[in-house]
Structures are given as structure tokens and as C-alpha cells.
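Please examine the structure shown here with regard to its domains, its pocket and its salt bridges.

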Amino acid sequence: MNFKDKDIISIKDFSKQEINGIISYAKKMVPYAKGEKKTELLKGKVMSSLFFEPSTRTRLSFESAMNRLRGRVIGFSDPGGTSQKKGESLADTIRMADSYSDVIVIRHPQEGAARLAAEFADAPVINAGDGAGHHPTQCLLDLFTIHTEKKNIEKTKIVLLGDLKYGRTVHSLAYALSLYGAEITFVSPPSLKMPKEVIAECQEMGVEPTQTSQLEKAIKDADVLYATRIQRERFPDAEEYNRVVGSYIITNELLEQAPNELIVMHPLPRITEIDPEVDTTPHARYFTQAFNGVPIRMALLSLILGERL
Ligand code: NCD
């Protein structure tokens, strides 16, 4: 497993063996991610954190990961405070980050922005979400969570729910789950179905996802219910958003239809998709999932910067 200086743009950049390797390495990082053990693995290294779109978990867990490994972080969480405001191009902003740091983490509203950034930077670039495109590090932490909670990704029966059209996390996850041959069901409002290209990729890997709008039926024998937010900022039309928001709400009553062992995941932020009453039930895993972003990103940063624990 050699990822030194590798750009991480899409989950498709990884084989199943490589993903398994990252997951087991990330498990070693857990006590360091919790602060129970200390290391100076990335001392002297600098990470640029360039967030052109809002973020809580992705940015903070990348920054926490770098700090836990004793690296340092520079960057911004709002491009309004940078020369982008003066009209500077993305390419020039990237060139600067490249000369100031050893690794660049970028989130951008435009699909393809991370790949473009990688063309202008010698330092490795990590895509922290590009529009409705991909979110490879979220995907790795989602797989890490399923692996930890269910011991096995191959035989998992998983329901992907919500905004399957614009949600980048589910685009990455549907592909990755197909690599493992998982059993996938897509549940969404009719206007927010999984894009045909993503379904075709699943099929190429021998997986035939089921599509339905009936959530109750879909969760009856599922292992994982992965909910997503309706991606308001990607809707061309506010009225269309208002029509679909609140289409599916996960409540304790709904979960009575599901097996006791079913876990509920969500990349967060949740808006109305999960009633807070679910938080204290044994089904809820979304906060653990969010924590898992730290060990996964520690593992990735360590591998990309060529310093193994
Ligand atoms: C997701 C994202 O930004 O794509 N959040 C995250 O990274 N944890 C999901 C979302 O914004 O709905």
C-alpha cells in the first residue's frame, strides 16, 4: 500500500484491497484520534485546508487529524476572506497553497474542482467534496463505520435514502459498496433518484440495486439505513426543494418496522431527516460515524505524507 504523494480525488482511485488496508490502518489510529495515545508522526508537516463551501465535520476532523499527528494547518473556511474575492483564479490560489504546504485539502461547489486543483499542485490534493460529484474521504469513513459496526461489508444489506441525485456522499458510497458486492436499495423521492451513470457503474460490478420509494418495506430486513440531507444548495429551483423536503423522516415509530440490529447512518448535517428521538436508541450511529472521520483522515494523511505509524 503506497500512497505517498497520491491525489485522492475519487473513491474510484482505490481498489478494494487498498480500501481494506486503509480501514485496518485507521483502526490503529483510533486511540491517537481519541487522544489516549500520543505521536509526533507528522511533526513539521503543513496541511492547507481550503474550504470554498460550508463544512463542520469534514474540515474539523481533517484539522483534528493533522493536529493529533502534530502536523500544522493553514487555510480558510470562507473564500470571502481571500483573494478569490478580488477575482483571483482557483489555479492561482492552488499554486499558493502548493508552495506553502505539503498536502492540500479542498472543498469546492464545482464538480471537477479537486481534479483541476491536482493539475496545478505538486503537493498531493485531497478532495473534501466537489459539488454533487465525489466525497472520497467521507466514503472511506462510511465504509470504516460499516466494517466496525457490522464486521463485514460484503454481506451488508444497505438502504441509501434521500437525495440520491445531488448527494455526493451516496454517489461515492454506491460505487464503493458495489466493489464489495453489498445488497443495495435506493429510496428517494421520484425527482431525486440515483443518476443513471452511478447505477450503470454498480451494474458493471455485478450489483443490481433495487429502487423504490417505499421506505418501510425497504428497511424490513436491512442492516444499515444510510440517510442523506436534501441538498438545498444544488437545487436550481427553490419551489422544487420545498416540494420534496421532509419526504422521509426517520422516527422511532418507523424503526419499529426494522430489525433490532439495524444501524442508522447519516453523513450529517441532518435537517429534518432524522427525528432527534432516534439519537438515544441503539440504532443511531451517525455521531460515531462523524468521529470516525478523524482516524480515517489520520490514516490517509499519514500514508500520503509517507510517514507510517
Ligand atoms: C456531506 C457533504 O458535505 O457532502 N457532509 C459531510 O461532509 N459530512 C453531506 C451534506 O452536506 O449533506
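This is a predicted model: local features need pLDDT of at least 70, side-chain atom pairs count only at pLDDT 80 or more; totals for chains, interfaces and linings use all residues.

Me: How many residues does domain 2 give to the contact with domain 1?
Reply: The domain assignment divides the protein into domain 1 (11–134 + 293–304) and domain 2 (136–290). Taken over C-alpha atoms, the centres of domain 1 and domain 2 are separated by 24 Å. The contact takes 32 residues from domain 1, and from domain 2 it takes 27 residues.

Me: What is the volume of the largest pocket?
Reply: The lining of the largest pocket comprises 21 residues. Each of domain 1 and domain 2 provides at least three residues of that lining. The volume of the largest pocket is about 390 Å³.

Me: Which helices each supply at least two residues of the lining of the largest pocket?
Reply: By class, this lining has four nonpolar, seven charged and ten polar residues. Those nearest the centre of the pocket are Arg107, Arg168, Arg229, Leu268 and Pro269. The helices that each supply at least two lining residues are helix 2 (57–68) and helix 6 (168–179).

Me: Is Arg168 buried or exposed?
Reply: Arg168 is among the residues nearest the centre of the largest pocket. A residue counts as buried when its relative accessible area is under 20%. The relative accessibility of Arg168 is 7%, so Arg168 counts as buried.

Me: Which residue meets Arg168 in a salt bridge at 3.1 Å, N to O?
Reply: The side chains of Arg168 and Glu53 meet in a salt bridge at 3.1 Å, N to O. This pair links distant parts of the chain, 115 residues apart, with Arg168 in helix 6 and its partner in the loop between strand 1 (46–51) and helix 2.

Me: Which residue is linked with Glu53 and Arg168 in a network of salt bridges?
Reply: The structure holds 13 salt bridges. The pair of Arg168 and Glu53 is one of the salt bridges. Linked with Glu53 and Arg168 in a network is Arg234.

Me: How many residues apart in sequence are the parts that Glu201 and Lys12 tie together?
Reply: The side chains of Glu201 and Lys12 meet in a salt bridge, 2.6 Å from N to O. Glu201 lies in helix 7 (residues 196–204) and Lys12 in the segment before helix 1 (16–33), so the parts tied together are apart in sequence by 189 residues.

Me: Does Lys12 count as buried or partly exposed?
Reply: Glu201, at 19% relative accessibility, counts as buried. The cut-off for buried is under 20%, and for exposed over 50%, with partly exposed in between. Lys12 has 35% relative accessibility, so Lys12 counts as partly exposed.

Me: Where does Glu149 lie?
Reply: Arg285 forms a salt bridge with Glu149, and the closest N and O atoms are 2.5 Å apart. The pair links distant parts of the chain, 136 residues apart: Arg285 is in the loop between strand 9 (263–265) and helix 11 (286–304), and Glu149 is in helix 5 (residues 136–150).

Me: What is the relative accessible area of Thr185?
Reply: Thr185 is placed in strand 6 (residues 183–187). Not counting residues up to four places away in sequence, Thr185 touches Ile158, Val159, Leu160, Thr210, Thr212 and Ala218. Thr185 is buried, because its relative accessible area is 16%.

Note on methods. Residues are numbered from 1 along each chain as its sequence is written. Side-chain values use heavy atoms; hydrogens and water are left out. On a 1 Å grid over the protein atoms alone, a cavity is a set of points where a 1.4 Å probe fits but cannot get out, and a pocket is an open set with protein on both sides within 12 Å along at least five of seven lines; lining residues have an atom within 4 Å of a point. Grid points are joined across faces, edges and corners, and a volume is the space filled by probe spheres set on the points. Helices (H or I, at least four residues) and strands (E, at least two) are DSSP runs, numbered from the N terminus. Ala, Val, Leu, Ile, Met, Phe, Trp, Tyr, Cys and Pro count as nonpolar, Asp, Glu, Lys and Arg as charged, and the others, Gly among them, as polar. Domain bounds come from an automatic or database domain assignment. Buried means under 20% relative accessible area, exposed over 50%, partly exposed in between (1.4 Å probe, protein chains only). Contact means heavy atoms within 4.5 Å. A salt bridge is a side-chain nitrogen of Lys or Arg within 4 Å of a carboxyl oxygen of Asp or Glu.
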